[in-house]
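Please examine the sequence and the three-dimensional structure shown below. The explanation that follows is meant to be read alongside them.

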Amino acid sequence: MTLLKRSPQFIIHLFFVLYVAATVFPLLLIFMVSITEEKSLLRNGYSFFPEIIDFSAYVYLFYDSSTIINAYGVTIFVTVIGTVCGLLLTALFAYPISRKDFPLRKALTFYVFFTMLFNGGLVPWYLVYTNVLNINNTLLALIVPNLLIGGFNVLIMRTFFTTTIPPEVIESASMDGAGELRIFFQIVLRLSLPVMATIGLFMTLAYWNDWYNSLIYINDIDMYSIQYLLNKTLTDIQVVLNQTTGALQSQLLASVPTETVRMAMAVVGLGPIVLAYPFFQRYIVQGMTVGAVKG
Amino acid sequence: MQGTRYDCSIVNNDLERCILKAIMTGNSRASFWKKLRKHHILLLMTVPGILYFLINNYLPMFGIIIAFKDLNYAQGILGSEWVGFKNFEFLFRTDRAYLITRNTVLYNALFILINVILGVGVSILLNELKKKLMSRFYQSIILLPYLLSAVIVSYLAFSFLSVEYGFINKLILEPLGINAITWYSEPKYWPYILTIVNVWKSVGYFSIIYLAAIVGIDTEYYEAATLDGASKWQQVRSITVPLLMPVIMIMTLLQVGKIFNADFGLFYQVPMNSGALMSTTDVIDTYVYRALMQMGDVGMASAAGLYQSVLGFLVIFGVNYIVRKINSDHALF
């Protein structure tokens, strides 16, 4: 009797064990490849069970790592600055259009909403940043285009402000002589920490994962983000080899464990997200469901 | 209020009320400016956002005129010569236009269908689990791929598909005595590969959205059904799925609205921009990118881009119209 009752549960668990395995295996595979000894890898291919375990790919990466460290630096800088500015600008725009007594509320809401319905496409967008503002090949090109403020985030935040901040709080603060800016920074933002955390998290992920702006706007290797450097490395491992070695390079290349270094690069690019995931996972789920239900 | 005029002629017998109304509307216009002046700080707060959307979204919208021009950088966008629909003519004369449209729409339609079926299925199974801690553990693992960048996903695919050392060729096909497959130059496999990658990446996401909706269903329905002796399967079929329908509709229609926009990361990164695969991997977004950045054909790229934007815009309106017909509460606008 208990077996019969429990067996559907058992089957569902079995399904999810398989599903989880299918999710994790590819990630595990590149990790195992990255710690495989190069020669045995060339013999056996990418395997979950390396014949000889060897960390020389990581040793190599961190020994000759100026390109990677630089790319990490670019990504961290862009992520921090982009998220902070983006969050502030999003809130600054979302708050007035959440106020029922603000006369341009409807017009500005539509102004945002329309950007979600129609866009000019890649070409004019590209020309605006390269020919009008001329920010290609600068770090601004990694921060500003498309990622700074999104219509969807503005509308989610506006909904949060309208539904959770009682107008009476704002009114009474204003009667006590607080100015609009003070109300915004000291009351509204403080009451909105959950939505700020969630949207900030989504922005952080978007900046961290971004390779598209690099692909479109960046030629200078010093400004490659980590994702774009990874993208380049997949087709051409030489990108990460130290540029200055010159004549030594071909000699060096012969001794570099290229196949395993490539996968070690992927692990290094993937690592921070996987390691931080248990801590931010809860907020992501919250944000997704709020976005889907209310947005 | 703006634009309403009050014609206070003799024909109108209620002259007094009419004048009163006119004065009031005048007042409301004046009070609009007064209110705006009172809220000038709020207005100031929106200025950075207004400028950002102007630069990032509205300026490019006006830039669609490039599609009707023979762009010459020396003369600038406004100074370049008008060529009417010539760019579109060139685009539609080749069979590319048909190919990229077909690929974009078919892939998206397939993805939408699979994501709905698997997403709902997985969410129902997640909800059935009695051990909630395990359910939460499964959820967080299956969501993870959704958060990885397309570049990382292309590495994962490469580790399976690499011709020389890939897992499939070396550890599955070789022991079976089957010749290695050159995955990155044989288009016929890619509809399957891209679909599998898409399922791997996004089913977790959809199942968590649907799960949130299932959790919101009143448990009394299930209690009553259990009392009446309904089986689990019957409960799923006649309670869960019908009550989930509004969310399924919204999620699906949101995706249908974007049916002409392909996931650039998936179609550009995972096939590694391989020329040999174009017949099954080229979509509108990758075509526009290549036309602009690799072929330098601004005219063709902007024509294809505008073609995509206009179709997308029409589809959104069409979808919204249909939703409004069915249930106006769920309409987007």
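The model is predicted, and local features need pLDDT of at least 70, side-chain atom pairs count only at pLDDT 80 or more, and totals for chains, interfaces and linings use all residues. Residues are numbered from 1 along each chain as its sequence is written, while chains are lettered from A and ligands numbered from 1 in the order in which they are written.

Chain A contains 15 helices and zero strands (DSSP runs numbered from the N terminus, with H or I over at least four residues for helices and E over at least two for strands). Of its 295 residues, 40% are buried, a residue being buried if 20 or more other C-beta atoms, placed from the backbone, lie within 10 Å of its own. Among the contacts in chain A with a separation of 6 or more, 71% join residues 24 or more positions apart; two residues are in contact if their C-beta atoms, placed from the backbone, lie within 7 Å. The buried residues of helix 11 of chain A include Val195(A), Ile199(A), Phe202(A) and Trp208(A).

The contact between the chains draws 69 residues from chain A and 67 residues from chain B. On the side of chain A, helix 1 (residues 2–34) gives the most, with 13 residues. That side has 49 nonpolar, 17 polar and three charged residues, where Ala, Val, Leu, Ile, Met, Phe, Trp, Tyr, Cys and Pro count as nonpolar, Asp, Glu, Lys and Arg as charged, and the others, Gly among them, as polar.

A nonpolar core is a set of buried Ala, Val, Leu, Ile, Met, Phe, Trp, Tyr and Cys residues joined through C-beta atoms within 7 Å. The largest has 124 residues, and those touching the most other members include Ile30(A), Met157(A) and Leu292(B). Helix 7 (residues 150–161) of chain B gives the most to this core, with 10 residues. Apart from it lies another core of 21 residues, including Phe206(B) and Met251(B). Beyond its neighbours within four places in sequence, Leu292(B) is in contact with Leu122(A), Val123(A), Tyr126(A), Val298(B) and Ala301(B).

In chain B, the axes of helix 5 (residues 96–128) and helix 11 (residues 232–256) come within 11 Å and cross at roughly 145°; axes are lines fitted to C-alpha atoms, for helices over the stretch in contact, and angles run from 0 to 180 degrees between N-to-C directions. Residues making this contact include Ile112(B) and Val116(B) of helix 5 of chain B, and Leu244(B) and Ile248(B) of helix 11 of chain B. By class, the contact has eight nonpolar, three polar and no charged residues.

Conventions
Buried ≥ 20, exposed ≤ 12 C-beta atoms within 10 Å, placed from the backbone.
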